[in-house]
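Here is a structure to read by asking what its labels rest on. Each answer sets a value against a cut-off.

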Amino acid sequence: MCIFPYGDMPGGEPKTGAIRLARQTGVPIVPVRLDNVLAADSHHGIASYFRQPKTVTITFLPPVHFSQGTESPEKLHHDTDSIISLLQ
């Protein structure tokens, strides 16, 4: 499963659903960094992308484990911010 913490576009408040899901299930989160995605997102449609292909780099970071249980909203936001900081 792939979850984007900002929902659709960066800049807003990150969502904490991935951390909540990881805590409830005991499954680790594998942070994934996508580089050069905006360059590949052509404003001229998909045909333009195939005429001038771009390289998108995908980097998988080591899994991050969280203890099972529930946490306060503040802790969930802190954990979410920690994952995002790994990707920068």
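**Salt bridges, helices and burial**

Lysine 75 and aspartate 79 sit four residues apart in helix H4, about one turn of the helix. Helices (H or I, at least four residues) and strands (E, at least two) are DSSP runs, numbered from the N terminus. The model is predicted: local features need pLDDT of at least 70, side-chain atom pairs count only at pLDDT 80 or more, and totals for chains, interfaces and linings use all residues. Residues are numbered from 1 along each chain as its sequence is written, and side-chain values use heavy atoms, with hydrogens and water left out.

Q: Why do lysine 75 and aspartate 79 count as a salt bridge?
A: A salt bridge is a side-chain nitrogen of Lys or Arg within 4 Å of a carboxyl oxygen of Asp or Glu. For lysine 75 and aspartate 79 the N to O distance is 3.0 Å. That is within 4 Å, so the pair is a salt bridge.

Q: Why can such side chains pair at all?
A: Side chains of opposite charge can pair when their charged atoms come close.

Q: What makes arginine 23 and aspartate 79 a salt bridge?
A: Their side chains meet at 2.7 Å, N to O. The cut-off is 4 Å, so the pair qualifies.

Q: Which residues are linked in a network of salt bridges?
A: Arg23, Lys75 and Asp79 are linked in the network.

Q: How many salt bridges does a search of the whole structure find?
A: The search finds three. One of them joins arginine 33 and aspartate 35, with the closest N and O atoms 2.8 Å apart.

Q: Why is arginine 23 called buried?
A: Buried means under 20% relative accessible area, exposed over 50%, partly exposed in between (1.4 Å probe, protein chains only). Arginine 23 has 4%. That is under 20%, so arginine 23 is buried.

Q: What does arginine 23 touch, not counting residues up to four places away in sequence?
A: Arginine 23 touches Phe66, Ser67, Gln68, Gly69, Glu71, Lys75, Leu76 and Asp79. Contact means heavy atoms within 4.5 Å.

Q: Is aspartate 79 buried or exposed, and why?
A: Aspartate 79 has 5% relative accessibility, so it counts as buried.

Q: Why do arginine 33 and aspartate 35 fall where they do?
A: Arginine 33 stands at 29%, so it counts as partly exposed. Aspartate 35 stands at 25%, so it also counts as partly exposed.

Q: Why is H1 called roughly perpendicular to H4?
A: The axes of H1 and helix H4 (residues 73–86) come within 9 Å and cross at roughly 105°. Axes are lines fitted to C-alpha atoms, for helices over the stretch in contact, and angles run from 0 to 180 degrees between N-to-C directions. Angles under 35 degrees count as roughly parallel, over 145 as roughly antiparallel, 65 to 115 as roughly perpendicular and the rest as oblique. So H1 is roughly perpendicular to H4. The contact uses Ile19, Arg20 and Arg23 of H1, with Lys75, Leu76, Asp79, Thr80 and Ile83 of H4.

Q: Why does threonine 16 count as buried?
A: Its relative accessibility is 9%, under the 20% limit, so threonine 16 is buried. Threonine 16 lies in the segment before helix H1 (17–25).
A: Val30, Val32, Leu34, Val37, Val56, Ile58 and Phe60 make a patch of about 560 Å². Strand E1 (32–35) and strand E2 (57–60) each give two or more residues. Patches are made of residues with over 30% relative accessible area and no salt bridge: like charges are joined within 9 Å, nonpolar side chains (Val, Leu, Ile, Met, Phe, Trp, Tyr) within 5 Å. Valine 32 has 34%, so it is over the 30% limit.

Q: How many helices and strands does the protein have?
A: There are four helices and two strands. Along the sequence the pattern is α-β-α-α-β-α.

Definitions and conventions:
Accessible areas come from the Shrake-Rupley method with a 1.4 Å probe; for residues, only the protein chains shown count as cover.
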